[in-house]
Amino acid sequence: MKARVTVTLKAGVLDPQGKAIEGGLAALGFSGVESVRQGKVFDVDLATANAETARADLAEMCEKLLANTVIENYAIEIL
């Protein structure tokens, strides 16, 4: 089973990398960009056909390793 985990910074957490990207886009002439927040995407192949088990395993992976839950949120999508 394939899944995608998207990890993003929580609202209110400073994002210096996003600000740098925002500045870079402005320097390239993209004047309509108001803000940028960066994140991470993990594509995971799991050896299960059970979506409920996959979702539970992925949530545990996020809580233990993939996301810093103090400053990041995560979303799980079964593909």
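**Glu 22 and the fold around it**

Student: Is Glu 22 buried or exposed in this model?
Tutor: In this predicted model, Glu 22 has a relative accessibility of 17%, so it counts as buried, the cut-off being under 20%.

Student: Which helix does Glu 22 lie in?
Tutor: Glu 22 belongs to helix 1, which covers residues 16-27.

Student: And what is Glu 22 in contact with, leaving aside its neighbours within four places in sequence?
Tutor: With those neighbours set aside, Glu 22 has contacts with Glu 34, Ser 35 and Val 36.

Student: Let us turn to the whole chain. How many helices and strands does the protein chain have?
Tutor: There are two helices and three strands. Read from the N terminus, the order of these elements is β-α-β-α-β.

Student: Is the chain spread out or compact?
Tutor: The protein chain is more spread out than a compact globule, because its radius of gyration is 16 Å, well over the 12 Å that the globule rule gives for 79 residues. Along the principal axes, its C-alpha atoms fill a box of roughly 45 × 25 × 15 Å.

Student: What share of the residues is buried?
Tutor: Buried residues account for 22% of the 79 residues.

Student: What about contacts between residues 24 or more positions apart?
Tutor: Such pairs supply 68% of the protein chain's contacts with a separation of 6 or more.

Student: What does the surface consist of?
Tutor: The protein chain exposes about 5,400 Å², and 57% of that area comes from carbon and sulfur atoms.

Student: Last topic: how many charges are there?
Tutor: The protein chain has 8 positive and 11 negative charges, and their mean positions lie 2 Å apart.

Methods:
Residues are numbered from 1 along each chain as its sequence is written. This is a predicted model: local features need pLDDT of at least 70, side-chain atom pairs count only at pLDDT 80 or more; totals for chains, interfaces and linings use all residues. Side-chain values use heavy atoms; hydrogens and water are left out. Helices (H or I, at least four residues) and strands (E, at least two) are DSSP runs, numbered from the N terminus. Buried means under 20% relative accessible area, exposed over 50%, partly exposed in between (1.4 Å probe, protein chains only). Contact means heavy atoms within 4.5 Å. The radius of gyration is taken over C-alpha atoms; the globule rule is 2.2 Å times the number of residues to the power 0.38. Accessible areas come from the Shrake-Rupley method with a 1.4 Å probe; for residues, only the protein chains shown count as cover. Lys and Arg count as positive and Asp and Glu as negative; His and the chain ends are not counted. The place of a charge is taken as NZ of Lys, CZ of Arg, CG of Asp or CD of Glu.
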